[in-house]
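Notebook open, viewer loaded. I want to look up a few things here and jot them down as I go.

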Amino acid sequence: MAASAPPSCVRISSTPPLTALHRPCRRRVPSVRCSLAAAPGVRAPAELVDSILSKVKGTDRGVLLPKEGHEEVADVALQLGKYCIDEPVKSPLIFGEWEVVYCSVPTSPGGIYRTPLGRLVFKTNDMVQVVEAPDIVRNKLSLSVFGLDGAVSLKGKLNVLDSKWIQVIFEPAELKVGSLGFQYGGESEVKLEITYVDEKIRLGKGSRGSLFVFLRQ
């Protein structure tokens with residue numbers, strides 16, 4: 001009788017197949033939202049414009065401001081300068097009628113009429129600068145003296161020096177008080193850097209560091 005063959009062994013493994021261990025897992029990726037809001041502490045141009053106008057309002061164009069007030073105005077002007085358009089001298093925004101609402105040096109825009117003695121005699125009513133295309137600048141200081149209305153007028157030619165600086169050469173000044181009028185002095189020259197301009201205000205810095213704030217009329 002032939003010997004029977006040994007029974008075959010069947011191995012049963014409890015280990016799952018590798019494919020089960022490496023089944024890809026789907027993960028939820030959280031959505032990321034980007035915000036275009038200004039960073040904390042950064043002020044928008046419109047807010048800075050309102051701030052600088054509020055600081056110079058009621059100060060007789062800067063005459064009544066203490067040292068700390070002038071420093072605050074200069075700080076806001078510096079921040080606004082960061083938003084200045086490229087080549088402002090080529091922008092049509094510079095043209096128009098502007099009121100001088102502030103100057104860091106009281107005598108810069110009005111000369112002898114804005115010195116301490118001049119302010120005692122002459123009362124300043126308006127101080128306006130008109131910039132006409134393509135190259136005309138007209139300055140007018142409206143004042144009153146001893147009950148009479150008067151004005152000091154200057155007409156000048158604008159020359160562009162570079163992307164931000166302009167030069168204005170003025171003819172002799174003309175003074176009118178009541179029915180009397182005459183010219184005096186000679187030609188004068190000013191250089192001004194346009195540090196900011198928009199539809200509402202214009203900032204300028206003179207060659208000697210004087211800061212001007214102009215409000216569009």
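Why does leucine 120 count as exposed? I looked up its relative accessibility: it is 73%, and over 50% is the cut-off for exposed, so leucine 120 qualifies. Keep in mind that this is a predicted model.

Next I checked where that leucine sits. Leucine 120 belongs to helix α5, residues 116–121. It is also part of a nonpolar surface patch with Leu117, Val121 and Phe146, and together the four have about 510 Å² of accessible area.

Then I went to helix α2. It runs over residues 45–56, so to speak 12 residues, and I get 17 Å from first C-alpha to last, close to the expected 16 Å. I listed its buried residues: Leu48, Val49, Ser51, Ile52, Leu53 and Val56. Among the elements covering them I noted α3 (67–81), β1 (96–103) and β8 (188–197), and also β9 (201–206) and β10 (211–216). Glycine 58 follows α2, with a positive phi near 70 degrees.

Last stop, the nonpolar cores. The largest has 25 residues, and Tyr113, Val137, Leu141, Val152, Ile166 and Phe214 touch the most other members. Elements giving two or more residues to this core include β1, β2 (123–132), β4 (148–160) and β10. β3 gives the most, four residues.

Note on methods:
Residues are numbered from 1 along each chain as its sequence is written. This is a predicted model: local features need pLDDT of at least 70, side-chain atom pairs count only at pLDDT 80 or more; totals for chains, interfaces and linings use all residues. Side-chain values use heavy atoms; hydrogens and water are left out. The expected span of a helix is 1.5 Å times one less than its number of residues. Buried means under 20% relative accessible area, exposed over 50%, partly exposed in between (1.4 Å probe, protein chains only). Contact means heavy atoms within 4.5 Å. Patches are made of residues with over 30% relative accessible area and no salt bridge: like charges are joined within 9 Å, nonpolar side chains (Val, Leu, Ile, Met, Phe, Trp, Tyr) within 5 Å. Accessible areas come from the Shrake-Rupley method with a 1.4 Å probe; for residues, only the protein chains shown count as cover. A salt bridge is a side-chain nitrogen of Lys or Arg within 4 Å of a carboxyl oxygen of Asp or Glu. A nonpolar core is a set of buried Ala, Val, Leu, Ile, Met, Phe, Trp, Tyr and Cys residues joined through side-chain atoms within 4.5 Å.
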